[in-house]
Amino acid sequence: MSRLAWPIVLTQLAWVGMLTTDTAMIGRLGAEQLAGASLSLMVFFLAYVVCFGVVTATASLASQAYGARQPRRIRRIVRQGWWVTIALTIPMLMALAFTPDILSLMGQPPETLPHAGAYIGTLMWSLPLATAFTVLRNFVSALGRPRPALWVMLSGLPLNALLDYGLIYGNFGLPRLELVGAGLATTIINIAMFSALLAIVLFRKPFSRYAILGRFWRSDWPQFRQIFRIGLPIAGTHLMVAGFFIGAVFVIGAFGTEAIAAHMIAIQLPHISIMIPMGLSQAATVRVGHAVGRRNVEAAYRAGWTATAMTVCFMIMMSVVVMLVPEAFVQLFIDDSRPESAAVMNLAVSFLVLAAFFQVADGIQEVMSGELRGLNDTVIPMFIAGISYWGIGLATGIWLAFNRDLQGVGLWLGFIFGLSCAAILLGWRFYRFFKNRHLPSMQTPT
């Protein structure tokens, strides 16, 4: 498990490192710019979560095909994953063009809307490439060789930082584009990363043997529908989780620009730490999928419980880190010379202290979701997500924020309730499958 997991984990960390770099550099433009960019990023992230969630089905399907030694089916899964990417991202781009109007209708601070429009106008074009890259990353991971995706992501991380520094602030002879430059840098890097990984897959063994671009325009509607059948509930689950956190951003907008800025700074550390369980979750999907393909019950559940144990150990450690260094972390994102910095600092630190109490539950729900995806179990986890995050977590947070006048702190308390509920319910479902020795049926190769 660890041999497969660590490259996937580092790939996830590199991805979130790009977002953290963007946030840190934008934050030094001012609180209004950070708030506007954060709001548009949340809208973009919702679109990305839907696209990412659907094509995530290619990971479990390709892993099962690899375990069952069905190479032709693997090629069809990748090809149809890209067909799904095209079908999803075109309408998403059309919707993202109206981001400032959407934010205005949601009652967000008017002073943030021009900044939101400037950022999303260039960021949105990274969506198709980021989704197509996910299909490629799932392909190499399903073959048990995730390192090429890792090297590509690690190369993109410093290049993204350099482009941010140049295009946001006008360094290296580049124009000062501020938020427009931040989105442009992300788009350019996503194009470069997809191109690099595609070249590796096309020309390097063992990936080249699958000829994934062969007969690209040939339809395979049963496989296309299967990706949607399994992937739409995954997207729904991711949307519930993302909407849970993003909905909190829009609610916090009612408490002012400083509250939004503090929330966006504080949420960065939990977002960084959850990348480890996300990597372990993807590794568990692959390992469970391999075992399903071989029809090996013991190996499937052993992989799941191993990933869970590794996740719990890591997230306990991260909770301790959050409690020890909240001020130092927040300091990375603010400019002390600005008058609003002290208020943002104090509020962000209070949020981080609460984060220490929900990180273990967050990790468990993430890795359990991946294990269940390896078993093609996606519908019930979607309903669990809806009940846990919206019916319990966000509802409780909003009640505490407004009825008990806890404002942003109340919303973060809601995170604790929602994530804990999801972890318990998903863990119980995986345990019941384990006791019943459940394995999903395999598609007959054609």
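This is a predicted model: local features need pLDDT of at least 70, side-chain atom pairs count only at pLDDT 80 or more; totals for chains, interfaces and linings use all residues.
Local features need pLDDT of at least 70 and side-chain atom pairs count only at pLDDT 80 or more, while totals for chains, interfaces and linings use all residues. Residues are numbered from 1 along each chain as its sequence is written, and side-chain values use heavy atoms, with hydrogens and water left out.

**Aromatic pairs**

- The model holds 25 aromatic pairs (Phe, Tyr and six-membered Trp rings with centres within 6.5 Å; planes under 30 degrees apart are stacked, over 60 edge-to-face, the rest tilted).
- One of them is the tilted pair of Tyr-301 and Phe-434, at 5.7 Å centre to centre and 55 degrees between the planes.
- Tyr-301 belongs to helix H14 (residues 297-324) and Phe-434 to helix H19 (residues 407-436), so this pair ties together parts 133 residues apart in sequence (helices are DSSP runs of H or I, at least four residues, numbered from the N terminus).
- Tyr-301 is buried at 2% relative accessibility, whereas Phe-434 is partly exposed at 34% (buried is under 20%, exposed over 50%, partly exposed in between, with a 1.4 Å probe and protein chains only).
- Phe-434 also forms a tilted pair with Tyr-431, with centres 6.5 Å apart and planes at 45 degrees.
- Both Tyr-431 and Phe-434 lie in helix H19, 3 residues apart, about one turn of the helix.
- Tyr-431 is partly exposed, at 32%.

**Aromatic cluster**

- A cluster linked by ring pairs comprises Phe-244, Phe-351, Phe-358, Tyr-389, Trp-412 and Phe-415.

Terms used:
Helices (H or I, at least four residues) and strands (E, at least two) are DSSP runs, numbered from the N terminus.
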